[in-house]
Amino acid sequence: MQTSIELDNRAKELAKTYISAEAALLTLLMEMKEQRVFITLGFTGIYSYCVHALRFSEAQSYYFKKVAEKSEEVPELKTAIEKGELSLSEARRIAPVVTHDNLEGWIEKAHTLSQKELEPSAISQFVSRSNRVLEHLVR
């Protein structure tokens, strides 16, 4: 029987492996998209591949799709995930508002805010930015 410390250490090792695997999978899925592998395999894209071939939940599949799309626009987001600075979950929460210019600030928020605080903060920023764009278009 393992001690509490041994079980705790094993859980922490597996968590690191999980986070690392998540980053590696994101990179691979993006490469597959770039090479149009999904079409060859009979899928429409990352989402359908994750749901049907990898048997991920619809939510998890959506996270990979959204973070991959934002990472194409802001490659530094994927780099932050690969370095372990962000989890996929954190990245998907900030994806709607991340730009090249504000990524560092959002990484900091992802580390300091709880998930319940992070998502509304990102949504508020997104709405504010959208309103500015609409105001500009109306003028």
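Analyst: A salt bridge is a side-chain nitrogen of Lys or Arg within 4 Å of a carboxyl oxygen of Asp or Glu. Before we apply that, note that this is a predicted model, in which local features need pLDDT of at least 70 and side-chain atom pairs count only at pLDDT 80 or more, while totals for chains, interfaces and linings use all residues. Residues are numbered from 1 along each chain as its sequence is written, and side-chain values use heavy atoms, with hydrogens and water left out.

User: Where do K66 and E69 lie in the secondary structure?

Analyst: Helices (H or I, at least four residues) and strands (E, at least two) are DSSP runs, numbered from the N terminus. By that reading the chain has 8 helices and 0 strands, and K66 and E69 both belong to helix α4, 3 residues apart, about one turn of the helix. An α-helix has 3.6 residues a turn, so residues three or four places apart point the same way. A second case is K78 with E82, whose closest N and O atoms are 3.1 Å apart; both lie in helix α5 (residues 75–82), 4 residues apart.

User: Which salt bridge links distant parts of the chain, and are its partners buried or exposed, or in between?

Analyst: That is the salt bridge of E72 with K33, where the closest N and O atoms are 3.2 Å apart. E72 sits in helix α4 (residues 58–73) and K33 in helix α1 (residues 4–34), 39 residues apart. For burial, the scale is relative accessible area: buried means under 20%, exposed over 50%, and partly exposed in between (1.4 Å probe, protein chains only). E72 is partly exposed because its relative accessibility is 41%, and K33, at 34%, is likewise partly exposed.

User: How should I read a pocket, and which residues line the second largest pocket?

Analyst: Rolling a probe the size of a water molecule over the atoms shows where empty space is left. On a 1 Å grid over the protein atoms alone, using a 1.4 Å probe, a pocket is an open set of points with protein on both sides within 12 Å along at least five of seven lines, and lining residues have an atom within 4 Å of a point. Grid points are joined across faces, edges and corners, and a volume is the space filled by probe spheres set on the points. The second largest pocket has a volume of about 160 Å³, and its lining includes K33, K65 and E69, residues that bring us back to the charged pairs. Helices α2 (37–40), α3 (46–53) and α4 each supply at least two lining residues, with the largest share, 3 residues, coming from α3.

User: Which residues of α3 are buried, and what do they pack against?

Analyst: Contact means heavy atoms within 4.5 Å. The buried residues of α3 are I46, S48, Y49, C50 and V51, and they pack against α1, α2 and α4. Just after α3, R55 takes a positive phi of about 65 degrees.

User: Which residues touch the most other members of the largest nonpolar core?

Analyst: A nonpolar core is a set of buried Ala, Val, Leu, Ile, Met, Phe, Trp, Tyr and Cys residues joined through side-chain atoms within 4.5 Å. The largest one has 28 residues, of which L29, L77, I81 and L86 touch the most other members. The largest share of this core, 5 residues, comes from α1. Leaving aside residues up to four places away in sequence, L86 touches L77, A80, I81, A91, I94, I107 and A110. Elsewhere, A23 in helix α1 is buried, with a relative accessible area of 5%, and beyond its neighbours within four places in sequence A23 is in contact with I81 and E82.
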